[in-house]
Amino acid sequence: MVRIAPVGRALAVAAATSLALTACGGGGGDTAAKPSDTAASSAAPAAKGDGTLTLGTLLPQTGSLAFLGPPEFAGVDAALKEINDAGGVLGKPVTKYDTDSGDTTTNIASQSVDKLLAQKADAIIGAASSSVSESVIDKITGAGVVHFSPANTSDKFTTIEDKGLYFRTSPPDKLQGRVLGDLVVADGNDTVGILAMQDSYGTGLADQVAKTVTDGGGQVVERVDYDPKAADFSADVAKIKAKNPKGIVLIGFEETSKVVQELVKQGMPASKYKWYMVDGNTSNTNYVKMPKSTLTGVKGTIPGAAAPEEFQKKLLAVNPKLEDFSYAPESYDAANLIALAAEAAKSDAGVDIAKKLAEVSKGGEKCNNFKTCVELLKAGKDIDYDGVSGPVEFNEAGDPAVATIGIYQYGDDNKYPIKALEYRTGNIAG
């Protein structure tokens with residue numbers, strides 16, 4: 001999830017540190033299928049293109065990640081304007097339908113997917129939540145439709161059965177977990193407590209953070225996997241307080257605001273303990289109503305490099321009310337990649353698009369916008385789309401092969417600035 005605050009509040013000049021990371025085996029790229037998915041891939045539904053590329057969005061308008069919806073919708077809309085201004089795809093304007101993904105407490109996502117399939121979507125962009133995507137991936141890919149998330153980070157998707165139709169522009173949590181764990185240890189925290197929401201995102205990320213902390217010589221003295229729907233987190237926080245760790249890692253979504261209030265209430269404020277957040281809760285809207293300096297010094301990790309000011313202006317032209325820019329670059333890149341893959345395939349059918357997504361993301365002549373890239377394709381050139389979120393370059397698992405994690409720090413206004421303290425780039429081997 002990449003987040004950018006208003007311009008001009010940078011804390012430090014970015015630094016890059018190279019990390020190597022090995023992910024579980026892959027499948028679902030240009031020609032290869034996940035080892036666990038070979039049979040399913042061969043049974044993928046036949047292509048059913050109608051000549052018009054139809055995109056559906058399955059993004060949060062309600063629920064625990066609703067703050068991510070506006071920038072994600074804006075990213076898709078910004079890309080779509082440029083695509084259609086350049087002549088559309090296959091000679092026709094791209095059609096788009098927006099729907100709400102909700103969260104796992106409702107059945108909204110399933111109903112939205114049904115609607116999008118009835119509207120003949122060739123590709124669906126979303127969901128933001130890994131658990132929501134996991135709940136609908138079979139329905140989407142079973143219909144021969146590309147399932148493309150700009151924000152899913154659960155490691156499960158690297159090997160999930162997807163008929164070769166699932167892709168994402170955000171990296172698996174193994175990379176973010178490693179960066180965060182290294183950060184916690186480097187900051188001098190030899191004892192660490194972890195409060196993580198209990199779902200595929202929270203537990204997976206917590207596992208990686210815990211492993212990295214331990215490998216780095218630190219000790220996880222308490223880990224609490226909590227129910228994010230709970231009305232009260234006092235007992236969960238009390239377990240952490242009992243072990244008195246130097247560092248506290250908070251892994252969750254919107255409910256983290258309640259966890260933060262409980263930490264303060266129980267005498268564990270950020271002024272006395274080192275708090276760390278992740279992409280799901282590092283927000284510029286969730287904590288602004290809290291007392292000044294509640295989050296001063298708190299660090300958070302967010303996948304993706306900071307988006308340039310020019311791109312922010314594009315987004316604000318689409319939605320002037322944007323306060324967060326979370327996953328807007330990844331959403332923008334997702335829409336562009338789908339459109340370019342359709343052009344390369346000379347087909348709007350999901351199965352055909354999927355076969356070309358890896359091809360247009362690496363290995364050819366570099367280009368960074370739809371108009372330039374599509375002109376190269378029409379000239380018979382192989383292309384390598386480099387996006388706003390990074391080089392993308394899908395591996396065989398449909399994951400980005402190279403990704404960047406930004407480390408941000410909150411100020412006295414309970415917001416984090418546009419530029420990270422540091423950026424760390426990792427190679428994800430498939």
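Guide: A residue counts as buried when its relative accessible area is under 20%, and as exposed when that area is over 50%. The model is predicted.

Visitor: With that cut-off, is S112 buried or exposed?
Guide: S112 sits in helix α3. Leaving out residues up to four places away in sequence, S112 touches L58, T99 and D100. Its relative accessible area is 7%, and buried means under 20%, so S112 is buried.

Visitor: What share of the chain counts as buried?
Guide: The chain holds 12 helices and 15 strands. Among contacts with a separation of 6 or more, 72% join residues 24 or more positions apart. Of the 430 residues, the share that counts as buried is 57%.

Visitor: Which strands lie under helix α3, and at what angle does the helix run to β3?
Guide: Helix α3 covers residues 108-118. The helix lies across β2, β3 and β4, and its angle to β3 is about 160°.

Visitor: What is the strand order in the open sheet of 5 strands?
Guide: Pairing in this sheet is parallel. The strands β3 (95-100) and β6 (166-168) have a single partner strand each, so they stand at the edges, with one side left without a neighbour in the sheet. From one strand to the next, the twist averages 20°. The order is β3-β2-β4-β5-β6.

Visitor: Which residue of β4 stands opposite L55?
Guide: Strand β2 spans residues 54-59 and strand β4 spans residues 123-126. The two run parallel and are joined by 4 bridges. Opposite L55 stands A123.

Visitor: How many residues of β9 are buried?
Guide: In a regular strand the side chains alternate between the two faces of the sheet. On one side of β9 are G247, V249 and I251, and on the other I248 and L250, with both faces covered. The count of buried residues in β9 is 5 of 5.

Visitor: Which residue of β10 is the bridge partner of G247?
Guide: Strand β9 pairs with β7 in the parallel sense over 5 bridges, and there G193 has I248 as its bridge partner. With β10, β9 also pairs in the parallel sense, over 3 bridges. The partner of G247 in β10 is K274.

Visitor: Which elements do the buried residues of α8 pack against?
Guide: Helix α8 covers residues 256-265, and its buried residues are T256, S257, V259, V260, E262 and L263. An α-helix has 3.6 residues a turn, so residues three or four places apart point the same way. The buried residues of α8 pack against β7 (191-197), β8 (219-226), α7 (234-243), β9 (247-251) and β10 (274-277).

Visitor: Which residue just after α8 takes a positive phi?
Guide: Helix α8 ends at residue 265. Just after α8, a phi of about 80° is taken by G267.

Visitor: Now the spaces. What is the volume of the largest pocket?
Guide: The largest pocket is lined by 18 residues, and S64, T105, P228, K229 and E255 lie nearest its centre. The lining divides into 6 nonpolar, 6 polar and 6 charged residues. The volume is about 320 Å³.

Visitor: Which strand gives the most to the lining of the largest cavity?
Guide: There are 2 cavities of 30 Å³ or more, and the largest holds about 100 Å³ of space. Of its 14 lining residues, T169, S389, V402, A403 and T404 are closest to the centre. The lining divides into 7 nonpolar, 6 polar and 1 charged. With 3 residues, the strand that gives the most is β14 (residues 402-409).

Visitor: What is the volume of the second largest cavity?
Guide: Its lining consists of P60, S64, L65, S101, G102, D103, A127, A128, S129 and V132. By class these are 5 nonpolar, 4 polar and 1 charged. The residue S64 also lies among those nearest the centre of the largest pocket. The volume of the second largest cavity is about 40 Å³.

Notes. Residues are numbered from 1 along each chain as its sequence is written. This is a predicted model: local features need pLDDT of at least 70, side-chain atom pairs count only at pLDDT 80 or more; totals for chains, interfaces and linings use all residues. Side-chain values use heavy atoms; hydrogens and water are left out. On a 1 Å grid over the protein atoms alone, a cavity is a set of points where a 1.4 Å probe fits but cannot get out, and a pocket is an open set with protein on both sides within 12 Å along at least five of seven lines; lining residues have an atom within 4 Å of a point. Grid points are joined across faces, edges and corners, and a volume is the space filled by probe spheres set on the points. Ala, Val, Leu, Ile, Met, Phe, Trp, Tyr, Cys and Pro count as nonpolar, Asp, Glu, Lys and Arg as charged, and the others, Gly among them, as polar. Two strands pair if DSSP finds at least two bridges between them. Axes are lines fitted to C-alpha atoms, for helices over the stretch in contact, and angles run from 0 to 180 degrees between N-to-C directions. Contact means heavy atoms within 4.5 Å. Buried means under 20% relative accessible area, exposed over 50%, partly exposed in between (1.4 Å probe, protein chains only).
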